[in-house]
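This briefing describes the helix packing and selected residues of the chain shown below. Please consult the sequence and structure alongside the text.

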Amino acid sequence: MAVRRQVLGDAHVDRAIARTTDHTRDFQDFITRYAWGEIWTRPGLARRDRSIAVLTALVAGRHFEELEFHLRAALTNGLTREEIVEVLLQSAVYVGVPAANTAFGVANRVLGEG
């Protein structure tokens with residue numbers, strides 16, 4: 001939970017926990033233990049590198065709602081706005097221009113916040 005809060009921020013995690021229902025309780029436990037407790041804490045990649053991989057995967061899967069908060073997390077993890085733009089440009093070549101176009105729209109909103 002500590003890593004999840006460090007990467008995504010207390011407000012995001014608190015909202016996710018507040019929305020937990022009997023139907024989603026096991027899933028919240030799963031992502032907290034596995035994604036944040038096992039994968040994000042491994043020593044093989046720095047958090048900023050993990051963020052690059054996550055951004056690319058979210059664009060590829062067209063998971064734009066999650067892309068929004070992972071863009072904020074990428075900034076927290078040390079990526080610059082310029083590096084995020086480069087990740088999205090790279091994604092355009094290998095994932096597709098339509099997905100990258102939508103991702104740039106999401107990034108424009110998020111990066112314009114700060």
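Helix axes are lines fitted to C-alpha atoms over the stretch in contact, and angles run from 0 to 180 degrees between N-to-C directions. The model is predicted: local features need pLDDT of at least 70, side-chain atom pairs count only at pLDDT 80 or more, and totals for chains, interfaces and linings use all residues. Residues are numbered from 1 along each chain as its sequence is written, and side-chain values use heavy atoms, with hydrogens and water left out.

**Packing of α5 and α7**
- Helix α5 (residues 64–76) packs against helix α7 (residues 97–111) at an angle of about 50 degrees, and their axes lie 9 Å apart.
- This makes α5 oblique to α7; angles under 35 degrees count as roughly parallel, over 145 as roughly antiparallel, 65 to 115 as roughly perpendicular and the rest as oblique.
- The crossing of α5 and α7 is right-handed, where right-handed denotes a near helix turned clockwise from the far one by less than a right angle, and left-handed denotes anticlockwise.
- On the α5 side, the contact (heavy atoms within 4.5 Å) is made by F64, L67, E68, L71, R72 and L75. On the α7 side, it is made by A99, T102, A103, V106, A107, R109, V110 and L111.
- By class, the residues of this α5–α7 contact are ten nonpolar, one polar and three charged. Ala, Val, Leu, Ile, Met, Phe, Trp, Tyr, Cys and Pro count as nonpolar, Asp, Glu, Lys and Arg as charged, and the others, Gly among them, as polar.

**Packing of α6 and α7**
- Helix α6 (residues 81–94) and α7 pack at an angle of about 165 degrees, with axes 8 Å apart.
- The two helices α6 and α7 are therefore roughly antiparallel, and their crossing is right-handed.
- From α6, the residues R81, I84, V85, L88, L89 and A92 meet V97, A100, A103, F104, A107 and L111 of α7.
- The α6–α7 contact comprises eleven nonpolar, no polar and one charged residues.

**The chain as a whole**
- The chain has seven helices and zero strands; helices (H or I, at least four residues) and strands (E, at least two) are DSSP runs, numbered from the N terminus.
- Its radius of gyration, taken over C-alpha atoms, is 14 Å, close to the 13 Å that the globule rule (2.2 Å times the number of residues to the power 0.38) gives for 114 residues, so the chain is as compact as a globular protein of that length.
- The C-alpha trace spans about 40 × 30 × 25 Å along its principal axes.
- Of the 114 residues, 36% are buried; buried means under 20% relative accessible area, exposed over 50% and partly exposed in between, with a 1.4 Å probe and protein chains only.
- Among contacts with a separation of 6 or more, 62% join residues 24 or more positions apart.

**Individual residues**
- H70 belongs to helix α5 and is buried, with a relative accessible area of 8%. Not counting residues up to four places away in sequence, H70 touches L8, W36, W40, V54, L55 and L58.
- R62 lies in the loop between α4 (47–60) and α5 and is partly exposed, at 45% relative accessible area. Although R62 is not a glycine, it has a positive phi of about 60 degrees. Most residues other than glycine have a negative phi.
- I39 is found in helix α3 (residues 25–39) and is partly exposed, with a relative accessible area of 34%. Leaving aside neighbours within four places in sequence, I39 is in contact with Y34 and R50. I39 and R50 are eleven residues apart in sequence and 9.4 Å apart in space, C-alpha to C-alpha.
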